Amino acid sequence: MEHANAKIIFSDIGGVLLSNGWGHQSRKKAAKEFDIDYAEMNLLHEFIFNVYEIGRMTLDEYLDTVVFNHPRDFTKEDFKSFIFAESIELPGLLQWLIEWKKANPGFRIISINNEGKELNDYRIKKFKLHRCFDAFISSCEVGMRKPDPGIFKLAMGVAQASPQQCYYFDDRIMLVEAADRLGIQAFHHIDFEMTKAILETIK
């Protein structure tokens, strides 16, 4: 593949292909399920979750701070099982994208996602995301998280592509705008049909 002609699809994972790994809805559900003070847990989560997402602490260390700072009548393994079970495939796009990639071999598809390592590894394996992605630029592995411009620049360096060759999809408009400021052709993912239509126009 000639680099000058390469077309690169960058995509988020949570909120686009899968549910968010550990979003506020899952945290509220966990608080109810395990009888945890949500306000306290969420305050600690907001304080420290970025540290987990850039790979500076393990999931166990995160949970020690956010959940197991009090004696609990459930185990850490119970809680981690709950977290992992919250990851589900969103309808439509992942399976379609796997087939679209086969039909469009001139494209490379690379994730740019904020995720802690244990969740990231679980989701890649559970949903067999290697069928879709050629590489993963995950915050836990590169020590940066969106909207840091550095993570987008790193992804373009890995792809050996200019911004004009790159397309980016994310469900959060702030992150779309962060990519757009670097010259990447960035799109706000609303739903499967809209993103499908955009991809079909750029091939």
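**A histidine in a helix**

Begin by selecting H45, which lies in helix α2; helices (H or I, at least four residues) and strands (E, at least two) are DSSP runs, numbered from the N terminus. The model is a predicted one, in which local features need pLDDT of at least 70 and side-chain atom pairs count only at pLDDT 80 or more, while totals for chains, interfaces and linings use all residues. Residues are numbered from 1 along each chain as its sequence is written, and side-chain values use heavy atoms, with hydrogens and water left out.

With a relative accessible area of 3%, H45 is buried (buried means under 20% relative accessible area, exposed over 50%, partly exposed in between, with a 1.4 Å probe and protein chains only). Now display W22, R27, Y62 and V66, which H45 touches (heavy atoms within 4.5 Å) when residues up to four places away in sequence are not counted.

**Backbone stops**

Q160 counts as exposed, at 53% relative accessibility.

Finish at P147, in the loop between α7 (139-142) and α8 (149-159), and inspect the cis peptide bond that joins K146 and P147, with omega about 15°. As background to these stops, most residues other than glycine have a negative phi, and most peptide bonds are trans.
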